[in-house]
Amino acid sequence: FSLCNSCLPLRSPFTKFGTHVFDAPKSASPTTIMVFVSVEAASKYPKPAAKLGYGTAGFRTKAELLDSTFYRMGMLAVLRSRAKGGLAVGLMVTASHNPEPDNGIKLVDSDGGMLAQSWEAYATAVANAPEAELSAELAKVVAAEGIGDSTKGLVLLGQDTRSHSARLSSLALEGVAVVSGVAKDCGLLTTPQLHHLVRLGNGAGQALIGPAEWNSEEGYYTMLWEAYAQLTSDAATKERGPLWVDCAFGIGAPQIEAMAARMGGALELRVANKPGEGELNLGCGAEHVQKGRVPPAGYEAPLADCRRACSVDGDADRIVFHYYTQQGAWKLLDGDKIAALCASFVRDELAVLGGLEGLTIAVVQTAYANGAASSYMRSLGLQARRRTPHRNRTAPVPATCRTAPRRTAPHHRPLPPAPRQPH
């Protein structure tokens, strides 16, 4: 396509500033409208000198460098929604397990999953475009995706508890408004909660998604609590005592407390490391515990009545479990060990059903998973699949896959030994 040297201030539901006149590619709809953002509007928040790249975690860097990125991602989110026929997409304001001075933003796709990989390049290009070229960069997205103006575009926005998240969120909302999108500010949320709201908002009532009553923050708690109650209906959960929960001084604390209040004491949660009690992710949280192989702040020694614990990160989308033995030794259950425990549990439960001798059970691991964990799961007759750095692509790890021998008392079996950790 080609841009003309002038623009017409045409009123359109697609943009509040106007449109560029252009020769659309033959594959584009004749009603496709090119987004126009004036240089003045684009220059309101100049881009940083350093180039930013959109990855699986979105954009992350020092908060003071992200004004233009948040502003522009508000615009891009509207385009993504329009490309999906007006389905809601999300913008999550968080730098997850990064230090508190950092912040970040990532798009949640209309299915509640990660942004389509093909759009990551658009995000990087839009974030790094010079102010005078931002309009043309957005126009490329419109032309390439054949985006029309039949829908306004809907964006759901969530944020974590960082001191700068509210201000940066307002810039994203401003970007949504520039291209006449509709925004819903959902306030403080964990990252999984925003993914949930996007997924249920677009698909509530459909098979494998969930009923309409789950389409809210309250519905998120209901979904988790009901699932837990069903899973543990015949287990003596109270006999194991409370679970101490390290919330990394972040958003997980108020959200987990809200869920605990609805559980009626079926699982006692001791929420610790709340916002305001320390610097986000410092000396605590899932990343600190897993990478350092050390207990978090507040759990440096066994608690008299609380030997089981878990840690989430700053936006509560990562978790590790840990505990103290009767001898006082601290033990970590990281993602590899949790996967091994879950896989062996599912294998044994399915074996009890019988008649599933030809069933294939696979466990998907990241490219960074401990090789010993893969070997252990293969020894159980499970197939291990390693996810490559290009997400959503899996490569099988050679393994024999067979159904486990039938067992009669799966609830009373000993836990499998933890996979060996690398030095």
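**Close-up views of a predicted model**

View 1. Residues are numbered from 1 along each chain as its sequence is written, and side-chain values use heavy atoms, with hydrogens and water left out. Lining residues, defined as those with an atom within 4 Å of a point, are Ala88, Leu154, Leu156, Lys184, Cys186, Leu189, Leu197, Gly201, Asn202, Asn215, Ser216 and Glu217. Two or more residues of this lining come from each of strand E7 (154-159), strand E8 (182-188) and helix H6 (191-203), helices (H or I, at least four residues) and strands (E, at least two) being DSSP runs numbered from the N terminus. The element that gives the most is H6, with 3 residues. By residue class the lining of the second largest pocket divides into 6 nonpolar, 4 polar and 2 charged; here Ala, Val, Leu, Ile, Met, Phe, Trp, Tyr, Cys and Pro count as nonpolar, Asp, Glu, Lys and Arg as charged, and the others, Gly among them, as polar.

View 2. In strand E6 (residues 102-108), 7 of the 7 residues are buried, so the strand is largely enclosed by the rest of the structure; buried means under 20% relative accessible area, exposed over 50% and partly exposed in between (1.4 Å probe, protein chains only). Asp102, Gly104, Lys106 and Val108 point one way from E6, while Asn103, Ile105 and Leu107 point the other way, and all are buried. Strand E4 (residues 59-62) runs antiparallel to E6 and is joined to it by 4 bridges, two strands being taken as paired if DSSP finds at least two bridges between them. Within this pairing, Thr61 has Asn103 of E6 as its bridge partner. Strand E5 (residues 89-93) also pairs with E6 in the antiparallel sense, over 4 bridges, and Leu91 stands opposite Leu107 in E6.

View 3. E14 pairs with strand E15 (residues 383-387) in the parallel sense over 4 bridges, and Ala362 has Gln383 as its bridge partner in E15. Between these strands the chain crosses through helix H11 (residues 371-379), and this β-α-β crossover is right-handed, in that the path from the first strand over the helix to the second runs clockwise with the strands pointing away from the viewer. Ala343, found in helix H10 (residues 335-353), counts as buried because its relative accessibility is 9%. Not counting residues up to four places away in sequence, Ala343 touches Val363, Met377 and Leu382, contact meaning heavy atoms within 4.5 Å. Ala343 and Val363 are 20 residues apart along the chain, and their C-alpha atoms are separated by 7.1 Å.

View 4. Leu208, in the loop between H6 and helix H7 (217-231), has a phi near 70°, a positive value in a residue other than glycine. With 82% relative accessibility, Leu208 counts as exposed. Ala248, in the loop between strand E9 (243-246) and helix H8 (252-260), has a positive phi of about 60° although it is not a glycine. Ala248 is buried, with a relative accessible area of 0%.

View 5. Pro48 lies in the loop between helix H1 (39-42) and E4 and, at 14% relative accessibility, counts as buried. Leaving aside neighbours within four places in sequence, Pro48 is in contact with Leu65 and Ser68. Pro48 and Glu64 are 16 residues apart in sequence and 9.4 Å apart in space, C-alpha to C-alpha.

Note on methods: Predicted model: local features only at pLDDT ≥ 70, side-chain atom pairs only at ≥ 80, totals over all residues. 1 Å grid on protein atoms, 1.4 Å probe; cavity = no way out; pocket = protein on both sides within 12 Å on 5 of 7 lines; lining within 4 Å.
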